[in-house]
Amino acid sequence: MSERQKMEAGDWYCCLDPELEALRQRARRAVHVHNTCPPDDRGPMAPELAALFAALGQDCLIEAPFHCAYGINLSLGDRVYFNAGCVVLDTAPVRIGNDTMFGPAVQIYCAQHAKDPARRAEGLEIALPVTIGENVWVGGGAIIMPGVTIGDRAIVGAGSVVTRDVPADATVVGSPARNIG
């Protein structure tokens, strides 16, 4: 089984693999085009970036600068908005529902590195999916950790670190994020 197949299966894999590096390089090139293109020339996002995504709904807007690790695991519903400075480390599927908005500098992580330092030095990690429902608002600077699901209409306060699932209609704040209603 290749390292990419292990990553896609949710097994431990080596991120230092040449095939994975080639995919990350492809994403870096697309992200660079998006981030350096004048806004009038690229529309809501550079076509090179849009072509990476697993799925892309209508009327999505991704402000520059933006970064994603692969892009191939990112699925956006309709009218998804990313403010400037967002990062998506999509080593596993990241699914984002319709009408969801992200403030500036939001970070979504799927990679969980090995806790053992020797294994971590070997590049071992596991990819856990992130799912964000419809009509969710994620405030600026929030961090969504690997394996988290955020329910429809939830609100994540600015600067929050979301380490566990958020129910639909909940508002969470803090580090770690806690439900306040």
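I155 is partly exposed, with a relative accessible area of 36%. For these labels, buried means under 20% relative accessible area, exposed over 50%, and partly exposed in between, with a 1.4 Å probe and protein chains only. I155 sits in strand β17, residues 155–156. Helices (H or I, at least four residues) and strands (E, at least two) are DSSP runs, numbered from the N terminus.

Before I go on, this is a predicted model, where local features need pLDDT of at least 70, side-chain atom pairs count only at pLDDT 80 or more, and totals for chains, interfaces and linings use all residues. Residues are numbered from 1 along each chain as its sequence is written, and side-chain values use heavy atoms, with hydrogens and water left out.

Back to I155. Together with M101 and W137, I155 makes a nonpolar surface patch of about 250 Å². Patches are made of residues with over 30% relative accessible area and no salt bridge; like charges are joined within 9 Å, and nonpolar side chains (Val, Leu, Ile, Met, Phe, Trp, Tyr) within 5 Å. The accessible areas come from the Shrake-Rupley method with a 1.4 Å probe, and for residues only the protein chains shown count as cover.

Next, a strand. In a regular strand the side chains alternate between the two faces of the sheet. Two strands pair if DSSP finds at least two bridges between them. Within that pairing, C68 has V88 as its bridge partner. β7 also pairs with strand β10, residues 107–109, in the parallel sense over three bridges. Here L89 stands opposite Y109.

Now the cysteines. A disulfide is a covalent bond between the sulfur atoms of two cysteines. The cut-off used is a pair of cysteine sulfur atoms within 2.5 Å. How many disulfides does a search of the whole structure find? It finds zero. For C14, the nearest cysteine sulfur is that of C15, 5.8 Å away. C60 is in no disulfide either, and its nearest cysteine sulfur, that of C86, is 13 Å away. C14 counts as buried because its relative accessibility is 19%. C60 counts as buried too, at 5%.

Last, the charges. A salt bridge is a side-chain nitrogen of Lys or Arg within 4 Å of a carboxyl oxygen of Asp or Glu. The whole structure has seven salt bridges. One of them joins R24 and E21, with the closest N and O atoms 2.9 Å apart. R24 and E21 are three residues apart in helix α2 (residues 18–36), so about one helical turn separates them. R24 is buried at 15% relative accessible area, and E21 is partly exposed at 31%. E21 also forms a salt bridge with R28, at 2.4 Å between the closest N and O atoms. R28 is partly exposed, at 34%.

Another salt bridge links D169 to R153, with 2.6 Å between the closest N and O atoms. D169 lies in the loop between β18 (161–162) and β19 (171–173), and R153 in the loop between β16 (149–150) and β17, so the pair ties together parts 16 residues apart in sequence. D169 is partly exposed at 45%, as is R153 at 43%.
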